[in-house]
Each structure stands twice: as C-alpha cells, then as structure tokens.
Amino acid sequence: MEIIVDDLSGPEIAAFLAEHVRDMLAITPLESKHALDLDGLRRPEVTFWSVLDGDALVGCGAIKRLDDSHAEVKSMRTAADRRGTGVASVLLAHILAEARAMRFARLSLETGASEPFRPARRLYVKFGFEYCGPFADYRPDPHSVFMTRAL
C-alpha cells in the first residue's frame, strides 16, 4: 500500500468521497453530518491522503488544522471491500506520524455514536484516542462521539 498526499483533482477520489457523504447521510441525520465535501477538504488548513493498493483507491483520510497545537482527523474511509484488512490502521498510523511532524500536540475527531460506527470507535481506541466532550465548533449531539489524544 502507498499513502500519497492527494490534491483531490481526480474523478476516482471525487466519486469515493461522494459515496462517503451518501453513506453518512444514510445513517446519520442531516443536522449531525459533519463529513466535509470536496470544497471543504480543499481548504488550505486541510491535508488529505489517499491510500492506493496498486492502482486501486482503498482508503482516505485527512487532518484539519484547528490551531497551532490542535488538529482534527477528517474523512477517514476504507473501501467497502477492504474493511477489516488493515487499511484504516495503516492510514491512521500515518496520520498520527504526520500530525507529530507538523508539531501538533493534540489530535481530535468526531465520529458517529450509532452501531455502524462501532468499528471506527474501536480503531480510534486502539490508537490511544479517549472519549471527550465537543471541541472546536462542535456542540453536544446524541448522534456524535468525540475523541482526542495527545501526541
């Protein structure tokens, strides 16, 4: 697998992210959907990575700078046919290393509270994230779980 910084200009990543947003809307109320669209992910405070296995796009993820010491994990996704094969673990380890290299002291995230998000929550706990309250511009939401970890 290869992890590359992606400028989000290709049609494959656009389709992959459109599917991500559709999937989130199918299991999360609109007012609780926090997945960024392409324009949101192209902002200068966001660094976005794609995971390739040969020519196949198998995952993606990003970090969004919140301030000089704090960043947020965004848009973590693994291709449906590759879930449970280690793609997300490899990517999250990469994101943590990159966040450290960027000199962030803390990395936080928002994910869903419902059953479909249980594997994601388990992954984040495995990597040292702990449950916390809302951060940045988030507000308490029964459909959201907030997690954070020091770097």
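Ser 75 is part of strand β4, where strands (E, at least two residues) and helices (H or I, at least four) are DSSP runs numbered from the N terminus. The model is a predicted one, in which local features need pLDDT of at least 70, side-chain atom pairs count only at pLDDT 80 or more, and totals for chains, interfaces and linings use all residues. Residues are numbered from 1 along each chain as its sequence is written, and side-chain values use heavy atoms, with hydrogens and water left out.

Although Ser 75 is not a glycine, its phi is positive, at about 55°. Ser 75 is buried, with a relative accessible area of 9%; buried means under 20% relative accessible area, with a 1.4 Å probe and protein chains only. Leu 8, also not a glycine, has a positive phi near 65°. Leu 8 sits in the loop that runs between β1 (2-5) and α1 (11-27), and has a relative accessible area of 2%, which makes it buried.

## The largest nonpolar core

A nonpolar core is a set of buried Ala, Val, Leu, Ile, Met, Phe, Trp, Tyr and Cys residues joined through side-chain atoms within 4.5 Å. The largest one has 23 residues, and those touching the most other members are Met 76, Leu 92, Ile 95, Leu 107, Tyr 124 and Phe 129. Elements giving two or more residues to this core include β4 (70-78), α3 (87-101) and α4 (118-126). The largest share, seven residues, is from α3.

Leaving aside residues up to four places away in sequence, Met 76 touches His 20, Ala 88, Leu 92 and Tyr 124, among others; contact means heavy atoms within 4.5 Å.

## A second core

A separate core has 13 residues, including Leu 8, Phe 48, Leu 57 and Ala 62.

Note on methods
Buried < 20%, exposed > 50% of the residue type's maximum accessible area, 1.4 Å probe, protein only.
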